[in-house]
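Work through the exercises below with the sequence and the model side by side. Try each task before reading its solution.

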Amino acid sequence: MTIASPGGLRRLRPAHLSGLAILPFAMSLAACSMDNPDGFAPACPTVEVLGAAADQIAFTGPSHDIGHLASRASVTRVTGQCHRGAGDQKKTASVVAEVSLGLNVTRGPGTGRTVEVPYFIAVVYGDEIKNKKQFVEKVQFPANVTQMLTHTRIVPITLPVSRHVTIDGYRLEVGLQLTKEQLEYNQTHLIAPTFHHM
């Protein structure tokens, strides 16, 4: 299993890769499996954006006014698809989930044209984090542009499955990698959004 995340953050924005209700998918989730073009793609795990880690706000100093804003990034959506992994389906079956995060990134006054946005993806089975990994997305701004909608590269995540380890037992938790100060700022200054199932 390959994959990310800090634990202990409040969960928010639950969704499923197989039918994400928060925002529309950019990639088809009804694609056929790689080893059987005529077959159905396997189900995908649930995806949760951790509410306290959905935004990252960085300042150039101790002041939190707009003039000292270095950058702000927000997770706007999660897109992806799943297909069967390679291997003997009886002994080493797996599902590969390909995940990408949509981002809204703003650069502040005095910030260069490149903003680095660290994020994480965690693989959870039941209530146990099985694996986690941190990534960095480098966002390059054109001249005279201060805000961009973009997306991260596609991250493939291999999830072993068997008769006793099923895909619906997995959950992917995603968010922006925050410092302690950034997490405290979010908890005290940002109002957590509420989502409803559609």
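**Exercise 1. How many salt bridges does the rule give, and which residues does Arg171 pair with in the network?**

Step 1. Apply the rule: a salt bridge is a side-chain nitrogen of Lys or Arg within 4 Å of a carboxyl oxygen of Asp or Glu. The count comes to five salt bridges.

Step 2. Note the basis of the count. The model is predicted, with local features needing pLDDT of at least 70 and side-chain atom pairs counting only at pLDDT 80 or more, while totals for chains, interfaces and linings use all residues. Residues are numbered from 1 along each chain as its sequence is written, and side-chain values use heavy atoms, with hydrogens and water left out.

Step 3. Look at Arg171 and Glu48, whose closest N and O atoms are 3.3 Å apart in a salt bridge. This pair links distant parts of the chain, since Arg171 is in strand E10 and Glu48 in strand E2, 123 residues apart. Strands (E, at least two residues) are DSSP runs, numbered from the N terminus.

**Exercise 2. Decide for Arg171, Glu48, Arg72 and Asp55: buried or partly exposed?**

Step 1. Set the limits: buried means under 20% relative accessible area, exposed over 50%, and partly exposed in between (1.4 Å probe, protein chains only).

Step 2. Arg171 has 12% relative accessibility, so Arg171 counts as buried. Glu48 is buried too, with a relative accessible area of 13%.

Step 3. Arg72 forms a salt bridge with Asp55, with the closest N and O atoms 3.5 Å apart. Arg72 lies in strand E4 and Asp55 in strand E3 (residues 55-59), 17 residues apart.

Step 4. Arg72 is partly exposed at 33% relative accessibility, whereas Asp55 is buried at 13%.

**Exercise 3. Classify the ring pairs Tyr119 with Phe135 and Tyr125 with Tyr170: stacked or edge-to-face?**

Step 1. Recall the rule: rings of Phe, Tyr and Trp (its six-membered ring) pair if their centres lie within 6.5 Å; planes under 30 degrees apart count as stacked, over 60 as edge-to-face and the rest as tilted. This rule gives three aromatic pairs.

Step 2. For Tyr119 and Phe135, the centres are 5.3 Å apart and the planes 25 degrees apart, a stacked pair. Tyr119 lies in strand E6 and Phe135 in strand E7, so the pair ties together parts 16 residues apart in sequence. Tyr119 is buried at 1% relative accessible area, as is Phe135 at 6%.

Step 3. For Tyr125 and Tyr170, the centres are 4.8 Å apart and the planes are at 75 degrees, so the pair is edge-to-face. Tyr125 in strand E6 and Tyr170 in strand E10 are 45 residues apart. Tyr125 is partly exposed at 22%, while Tyr170 is buried at 4%.

**Exercise 4. Which residues have the most contacts inside the largest nonpolar core?**

Step 1. Define the set: a nonpolar core consists of buried Ala, Val, Leu, Ile, Met, Phe, Trp, Tyr and Cys residues joined through side-chain atoms within 4.5 Å.

Step 2. The largest core has 36 residues, and those with the most contacts inside it are Val99, Val105, Val117, Ile121, Ile157 and Leu176. The elements giving two or more residues to this core include strand E5 (94-107), strand E6 (114-125) and strand E7 (128-140).

Step 3. Take Val117 as an example, with contact meaning heavy atoms within 4.5 Å. Not counting residues up to four places away in sequence, Val117 touches several residues, among them Leu103, Val105, Phe135 and Leu176.

Conventions. Helices (H or I, at least four residues) and strands (E, at least two) are DSSP runs, numbered from the N terminus.
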